[in-house]
Every structure is written in structure tokens, then in C-alpha cells.
Amino acid sequence: MDLDAARALAVDAAEAAGDLLRAGVDEPVEARPKGEGADVVTDLDTAAEDVILRRILGAYPGHRVIAEEAGLVEGAAGGAAGDAPVWLVDPLDGTNNVAIGMSVYAVGIALCVDSAPLLGVVHDPVSGRTWSALRGGGATGPDGAPLRIGEGLRPGREDNPVLAWTQGHQVGRADPVAFPLRSMLEMRCGRLLQPWAPLVGWAMLARGDIDGIVGYRPELVDLPAGALLAAEAGAEFRRLDGGPYELGIDRSPAELSFVAARPAMLDRLLETTRSAEHLPGDGPGVRLAF
């Protein structure tokens, strides 16, 4: 498979969806409840998703897609389970933001083979910028130049790093890990962002705008694209307990919890996550795959 061609197609699909979203947010957006939590969905989500699905499955009819709204979708040629490459599509990461008129959202597309991400694309419709990465091939910025996070901290952030937090929709208010861990992180950093759009945070980490991200039982559909982008830009990953981390789409939500940071920040972040009490369910045996 030509990954450069696949990346070009994914960039085109993400940017086409972004054009639709950018035009749509200028009009009133009606949000509907989705699931049992606080998540919502809009007509923009489904319209943008349709744009992406048509492009991917038109070019790769033998592939499968796991889409945020449609779930598992197979191309006209089908694909044996576990055999065909799988695309993960988040057509509008940040729907809750859009629903309240906050312009913080993104489009994410990833291609996975044997459960591991090989290609990731993140598009910001607000700025019109797109970032992409190939596993082992590095990350690329909007201008086509290589994207690197940098080893050291920015001046003034040695004791006041800027971090982001993300958690899955299934994490409840009374979760025994999420609240104490998030509180500890907030006390030990200069600012803890919770953008409600993880892909935006991943692009910020890959650019070096922020110093790290901690994720607790994150959503799967937007994780591979953003995490691959950050990893290929030089971010390092660990489990919350400090063990090696592997991102795969066959993992349970508990196994997907992570710490991702620029190298100079990783040990400090792990001191915080390891010192938090009660970290159940983050499972052993997760190995580095980036």
C-alpha cells in the first residue's frame, strides 16, 4: 500500500470535511443528546463524516472504517475481519464546543494495520491548518516541513509547564481516579487545559505549544491520529504507572490511559501520575509501539 498516496487522500478528505464544518458553524447548530453521558451530536458531525467516508471507501473499497457516528462501515469490496486495513474517523472532534459557540474543534483520520496506527491526519478548520504523520516517517506541518517538538522546556516553564487533560465520555463524575489525578496535575503545573477536543491538544503538543497530555480512559476514535502525530514529532509515551505504552485499536479503554510529553517533562509528569492513589484497571503488558 502506498502510504504517501493514502496520506494525500486523508488530508484531502479531512480538509473537505473542514470546509463543510467551517461554513456550518456560522449558522445556528442544533445539538442532540448522544448516549447516556453528556456527549452530543449534530447534523454537522454526520455530514462531515459522510464526506470523509465517500472519499476513503471510494479509493479503498476493500478497507473498513470505524467512524464516530456510523460505527463500523465496510467498503463495497468488503474485508475479512482482522484482515483489511482499518480507518478511524472523527469528523468533528469538539462537538460540545461547537454546540455552545466555541470555535475549538478538529477533524481526525487515522489508518491502522494489525491494530497499530500507520498514518495520522489532524486538520484544524478554524485556522485551515493540517498536520500529518507516517509511522517511522516523521510528522509534517502545514507548510510541508518536518515537525519536531523539541527536547527541552520553553523558558519560564521549568516549574510551570502547560499541560492538557483528556478523558473518555464513559468516565463518570465519581470516578475514583479521574478527579484526584486531574486535581494533582492542576496543582503541579502552570495551566491544565481541558479543550474538549483532544485532537486540538495533540496538535499543540506536536508543535511544542504545550508540554504534555495526560489521558484517562480516552475515546478510541480520535486517539490514533493525534497520538501518532505527537509521537512522530518526538513526544514520549508511558502508561500512568510509568510502564511502556502501546497504542492499538484492539485495546480496552483502561489500557489506553497514557502520559505523553516532551522528553524533558516526562519524568516529572510520571512522578505525579504514579503518586496518585488508586490507579485500577490500567492493565499490565502494554508495550511501546511507536
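The salt-bridge count for this structure comes to 14, a salt bridge being a side-chain nitrogen of Lys or Arg within 4 Å of a carboxyl oxygen of Asp or Glu. This is a predicted model, where local features need pLDDT of at least 70, side-chain atom pairs count only at pLDDT 80 or more, and totals for chains, interfaces and linings use all residues. Residues are numbered from 1 along each chain as its sequence is written, and side-chain values use heavy atoms, with hydrogens and water left out.

**Stop 1: salt bridges**

Select Asp12 and Arg55. Their closest N and O atoms are 3.0 Å apart, in a salt bridge. Asp12 lies in helix α1 (residues 3–24) and Arg55 in helix α2 (residues 43–59), so the pair ties together parts that are 43 residues apart in sequence. Helices here are DSSP runs (H or I, at least four residues), as are strands (E, at least two), numbered from the N terminus. Asp12 is partly exposed at 41% relative accessible area, and Arg55 is partly exposed at 32%. The terms work like this: buried is under 20% relative accessible area, exposed is over 50%, and partly exposed is in between (1.4 Å probe, protein chains only).

Next, select Lys34 and Glu69. Their side chains form a salt bridge, 3.1 Å from N to O. Glu69 sits in the loop between β3 (64–67) and β4 (71–74), and Lys34 in the loop between β1 (32–33) and β2 (40–41), 35 residues apart. Glu69 is partly exposed, at 24%.

Then go to Arg251 and Glu246. Are these two buried or exposed? Arg251 is buried at 18%, and Glu246 is buried at 15%. Their side chains meet in a salt bridge of 2.7 Å, N to O.

**Stop 2**

Select Trp196, in the loop between β12 (191–193) and α5 (198–207). Trp196 is exposed, at 53%. Leaving aside neighbours within four places in sequence, Trp196 contacts Gly94, Asn96, Asn97 and Ile100; contact means heavy atoms within 4.5 Å. With Trp196, they make a nonpolar surface patch of about 350 Å². Patch members have over 30% relative accessible area and no salt bridge; like charges are joined within 9 Å, nonpolar side chains (Val, Leu, Ile, Met, Phe, Trp, Tyr) within 5 Å. Areas come from the Shrake-Rupley method with a 1.4 Å probe, and for residues only the protein chains shown count as cover. Ile100 lies in the loop between α3 (95–99) and β6 and is exposed, at 58%.

**Stop 3: helix α5**

Move along to α5. How many of the 10 residues of α5 are buried? The count is 8, so α5 is largely enclosed by the rest of the structure. Among the buried residues are Pro198, Leu199, Trp202 and Leu205. Just after α5, click Gly208, with its positive phi of about 85°.

**Stop 4: positive phi without glycine**

Select Ser115, in the loop between β6 (106–113) and β7 (116–124). Ser115 is not a glycine, yet has a positive phi of about 75°. Ser115 is buried, at 17%.

Arg217 is not a glycine either, and has a positive phi of about 45°. Find Arg217 in the loop between β13 (212–216) and α6 (223–232). Arg217 is partly exposed, at 23%.
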